[in-house]
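The following note sets out points for a colleague reading this structure. The points move from the overall fold to helix packing and then to the backbone.

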Amino acid sequence: MTIHIPHINAIDPSKTMTLRSKWVSDFRRRFKLLLSDIKEALIDQDVLGLINDENLNNKRINIINASGLSPRQFDFEIDADKINAFMEWINTQIEKYIMSGGTQGLQLFGRLDQLSSENNWMNVYIDSAYQQGIKRARQELKKEGIDVGDIQSGISLDPIQVAFNTPIHANRVGLIHTRVFSSLKNITAGMDSTISDILAIGMAEGRGPRQIAGAINKAMIGSGNDFGILDSLGRYIPARRRAEILARTEVIRAHHSANIGEYKAAGILGIKVQVEYLTAGDSRVCPICRPLNGRIYSIEEAENLIPRHPQCRCVALPYIED
């Protein structure tokens, strides 16, 4: 009996599946930590004073999960003041876990890249995707008889060195860093607004901290009760889901940008390089990308061709006419 094993390119043409999965896992871990802190603050510490239990005043402060919040810390007379104080604290937690993170990031391939402490924790994933794109482009160009490394004068042929020491790549990867940070900022801003609405409506309706925490869980993760905060059609996409889509999409964007950068570098040799569009070739290929498979584009046309949509998996290969 012969067992057919599909080639990896049939489902992962960019060969970035592992990297995408690692970034998504990192996002999930970070949102889990953030949600744990929020639940600890609302339920165990009752920082908004929503539970009629005087014993909470004697509760021992948990400085690990709730970052030093004391019981009923935001139990002010005016509800608006409670919400404002709590949201200010939440924003510090969002900055800690989601926006910056530093060296608290998930270990990538068994180690922490030094870049994660120098800038933003997400850069390590973007840079890795970009470096893989350079490596892939050079491999494909070599198949066509072109060695881009020959024209990188005075610079190591190691893809990592090339990515951060040549102007064309430094500029490209820098733009992706900025784009991803800005996109995630928009995601967390939307989450912030939704949580604020949940607090206001929940407190006005006399909801308890567990119900409010459940609605926040729904807004962040996608599970739990929303008591009318989210629309009945389910059109609200939870913040973590949006972050996961961002991770998968931007890995492909970084990979493609590196590809195009290398193909442009090949043009220095006087060789006209075009681009052939390649889909994953499986049943999951979408109607947008399916008709593009095998099409030939100029470098200029291919510049922003991929990703065609969120979570696109396609790749651009060099096409050189005889």
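1. Exposure of Q311. The coordinates come from a predicted model. In that model Q311 is partly exposed, with a relative accessible area of 27%; this value lies between the 20% and 50% cut-offs, which is why the residue is called neither buried nor exposed. Q311 is found in the loop between α9 and β3. Its phi is near 65°, a positive value in a residue other than glycine.

2. K15 is partly exposed, with a relative accessible area of 42%. As background, most residues other than glycine have a negative phi, and most peptide bonds are trans.

3. The cis peptide bond. Where is the peptide bond with omega near 0°? It runs from I306 to P307 and is cis. P307 belongs to the loop between α9 (299–302) and β3 (315–319), and Q311 is placed in the loop between α9 and β3 as well.

4. Overall architecture. The protein chain contains nine helices and three strands. Along the sequence their order is α-α-α-α-α-α-α-α-β-β-α-β. Of the 322 residues in the protein chain, 48% are buried. Among contacts with a separation of 6 or more, 70% are between residues 24 or more positions apart.

5. The largest nonpolar core. This core has 56 residues, and W23, F27 and F86 are the members that touch the most others. Two or more residues are contributed by each of α1 (17–44), α2 (79–99), α4 (123–143), α6 (167–204), α7 (209–220) and α8 (239–266). The largest share, eleven residues, is that of α1. For F27, contacts beyond its neighbours within four places in sequence are with I98, W121, M122, L184, A243 and A247. Another core, of 24 residues, lies apart from the largest one and includes C289, A302, I306 and C314.

6. Packing of α1 against α8. The two helices pack at an angle of about 155°, with their axes 9 Å apart. Since the angle is over 145 degrees, α1 and α8 are therefore roughly antiparallel to each other. Their crossing is right-handed. On the α1 side the contact is formed by L19, R20, W23, V24, F27, R28 and F31, and on the α8 side by A239, R240, A243, E244, A247, R248, E250, V251 and I252. By class, the contact residues are ten nonpolar, no polar and six charged. W23 and F27 take part in this contact and are also among the core members that touch the most others.

7. Packing of α6 against α7. What angle do α6 and α7 make? The angle is about 155°, and the axes are 10 Å apart. These helices are therefore roughly antiparallel to each other, and α6 passes α7 in a right-handed crossing. The contact involves M191, T194, I195, I198, L199, G202 and M203 of α6, together with I212, A215, I216, A219 and M220 of α7. Its residues divide into ten nonpolar, two polar and no charged, whereas six charged residues belong to the contact of α1 with α8.

Methods:
Residues numbered from 1 in each chain as written. Predicted model: local features only at pLDDT ≥ 70, side-chain atom pairs only at ≥ 80, totals over all residues. Heavy atoms only, no water. Core = buried A, V, L, I, M, F, W, Y, C linked by side-chain atoms within 4.5 Å. Buried < 20%, exposed > 50% of the residue type's maximum accessible area, 1.4 Å probe, protein only. Helix = DSSP H or I, 4+ residues; strand = E, 2+ residues; numbered from the N terminus. Contact = heavy atoms within 4.5 Å. Axes fitted to C-alpha atoms, helices over the stretch in contact; angles between N-to-C directions. Parallel < 35°, antiparallel > 145°, perpendicular 65-115°, else oblique. Left-handed = near helix turned anticlockwise from the far one by under 90°. Nonpolar A, V, L, I, M, F, W, Y, C, P; charged D, E, K, R; others polar.
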